[in-house]
Amino acid sequence: MSVTFLGMPADRPFPRNAARAVRDSQLRFNLRKATGTIRARRAGVVAEAPDWAELREAGKAIKEHTLRNLDRYLVQLEEAVTAAGGRVHWAAGAAEANRIVADLVKATGETEVVKVKSMATQEIGLNEALLEHGITAYETDLAELIVQLGDDRPSHILVPAIHRNRAEIREVFAEHMSGWGRPAPDDLTDDPAALAEAARLHLRERFLKTKVAISGANFAIAETGTMVVLESEGNGRMCLTLPRTLISVVGIEKVLPSWRDLEVFLQLLPRSSTGERMNPYTSMWTGAAEGQEFHLVLLDNGRTGVLADEVGRQALRCIRCSACLNVCPVYERTGGHAYGSVYPGPIGAILTPQLRGMGSELDRSLPYASSLCGACYEVCPVAIDIPSVLVDLRSRARHSWPERAGMAAAGWVFERQGRLAALQRAGGRLRRFVPRRLPGPLGRWTDTRDLPEVPRESFRDWWDRTDGGRR
Amino acid sequence: MSSRDLILNRVRRALAGVPDVEIARAYRGPTSAPGDIRLFEQRVRDYRAVVHVVDEAGVADRVARSLAGRGARRVVVPAGFPSAWSAAEGVAAIADDPPLSAAGLDEVDGVLTTCAVAIAETGTIVLDAGPGQGRRALSLVPDYHLCVVRAARIVAGVPDAVARLDPTRPLTWISGPSATSDIELNRIEGVHGPRTLEVLIVT
């Protein structure tokens, strides 16, 4: 099996990661097939909703309004959850969140937890942190399980193992399931149904006996304190329902003002993410449900910094549907690992540099991981203008000196009309000497493009000479 | 300073002087019209669930035949489920009183429930742990779930369902059998939740 994508270092810039990824024909085949399938499904169910544009507009406005009143709604959420018997914890950063969760698990006396797929806990590296406290976290989402068993990294928001095809998944299961619990059946084939069955058997007993679960949440309703988790397999329901203690780690931007707002998001999210009219299972609970002990950990971890940015704050509207990944021509070819973040694709290219800062070469390169085609903006269910944020971030990253020198020269020329005219005349006279290919490193640009022809005379000169064509 | 205050202060600083926005709700909201039974039936079937439409008098017989067809002998029947519907011959109706253990639930052949709301447009049933539905684990651990849906419970779309439901109750929205799209993004039915969902629509 290919191990190319294990431990992709996050310190290399995107173009180098991408150059490596596009050479892997298996990866490109897997991604093309998977993203093509999901794109078609999404397009079908979105076209079916006659009021999609209005839902999208409302989704955007609700999120925008929430973010602009976030302090108020967070306090309201805290009150509602507490009133319903839950406990609320606040974590300013990853380390604090990890410590809170580890302490909560230790207080139960347990050393094993089951997990529902959650981007927030991926982001803070919770599993690794728990392991340092002697606590083993078992991922239960099928794709997360594939990633965990294969000691791999997630490459997609919704389907972290999208870079693996069925044959590769079979190998991961056959080789590694025994190290984590019930081994895979000896006669395991690469039939997807057989692979799903193997996951069912592998996790069944663990679900029935584990006492602590950790989840994220898709939405948290301030008005009622209700938490909402959308899923497909039933692993989420197992984790949310059976254990005695439930700990949910939720980014502060996940809050929604009112119960009624779900009428919008329960339409936008399933159709955008898995391309279904509705996902198989959605769980909603308020506080300590059915006698469970419930803890909500509200996570900042850089979000308030993003909130302060006039252009970039719209990234906090994201509901993690991954539609932008599935339509992105760059993502389809490079896959998620090249982005060096748990948030890959177009949304990752604007979220990662904002959350992490632009200190590393990788994070500075992410705003360029796009052709600015705008397909991501078009499919985004909350209308995040990803291209505009990308351009804004590009202007903030420090550019290379030749680029800065070139731009400074261009600025000087365009500043005065006389300078431009003089340069245009000089260009017209020297046009015979303009090469078809640029020299040196600039030649890489002309390898794939034609240099524009320099006209003999500029438009302004022509106008002056002919009085606008009348002479 | 506590992390709570730290976060709230950061939020307030970030938002200073930022204007609020109006929320326009021009999409299709809740209606008073009943949901389309045929559409519901078709949409549930799209998820590869088994669907039957019967009248009130035919429910018991349909339940008995469905259970017999699966060879289900021990089924969980939550409190409040009409006893006339679950009196199938040769089938032991197990009450969840005292509550069954998770392992105990794993050993039964199936579960019978009603539902709080059903949504025609999306083919969704919603359970709210009310009469005839029981706690959330009952419709999760057994491999077979038979849900009886009275036509009056069927609403048109998602906004109607949200308007009818009580968020203080634990809610489970179910759209077809358990499924995954995690292998090459193809949908496969049957992972951790019930692999077979059968819906009986009572007209």
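Trainee: What makes Glu290(A) exposed?

Mentor: This is a predicted model, and we count neighbours in it. Glu290(A) has 12 other C-beta atoms within 10 Å. The cut-off for exposed is 12 or fewer, so Glu290(A) counts as exposed.

Trainee: And why is Ala383(A) called partly exposed?

Mentor: Ala383(A) has 19 other C-beta atoms within 10 Å. Buried needs 20 or more, and exposed needs 12 or fewer. A count of 19 falls in between, so Ala383(A) is partly exposed.

Trainee: Where do Glu290(A) and Ala383(A) sit in the chain?

Mentor: In loops. Glu290(A) is in the one between S9 and strand S10 (293-299) of chain A, while Ala383(A) is in the one between helix H18 (375-379) and helix H19 (386-396) of chain A.

Trainee: What makes their backbones worth a look?

Mentor: Most residues other than glycine have a negative phi. Glu290(A) is not a glycine, yet its phi is positive, about 50°. Ala383(A), also not a glycine, has a positive phi of about 50° too.

Trainee: How do you know that the peptide bond between Asp97(B) and Pro98(B) is cis?

Mentor: Look at omega: it is about 0° for the bond joining Asp97(B) and Pro98(B). Most peptide bonds are trans. Pro98(B) belongs to the loop between strand S3 (92-94) and helix H4 (102-107) of chain B.

Trainee: What makes strand S9 of chain A and strand S9 of chain B a pair?

Mentor: Bridges. Pairing takes at least two, and four join strand S9 (residues 281-286) of chain A to strand S9 (residues 171-174) of chain B, so they pair. The two strands run antiparallel, and Ser283(A) stands opposite Thr172(B).

Trainee: How many residues does each chain put into the contact?

Mentor: Chain A gives 74 and chain B gives 59. On the side of chain A that touches chain B, the largest share, nine residues, comes from helix H3 (residues 52-68) of chain A. By class, that side of chain A has 40 nonpolar, 17 polar and 17 charged residues.

Trainee: Last one: how confident is the predictor in chain A?

Mentor: Chain A averages a pLDDT of 93, on a scale from 0 to 100, and 98% of the residues score at least 70. Watch residues 1-8 of chain A, though, where the pLDDT is below 50. Even so, that stretch has 15 contacts in the model beyond near neighbours in sequence.

Definitions and conventions
Residues numbered from 1 in each chain as written. Chains lettered and ligands numbered in written order. Predicted model: local features only at pLDDT ≥ 70, side-chain atom pairs only at ≥ 80, totals over all residues. Contact = placed C-beta atoms within 7 Å. Nonpolar A, V, L, I, M, F, W, Y, C, P; charged D, E, K, R; others polar.
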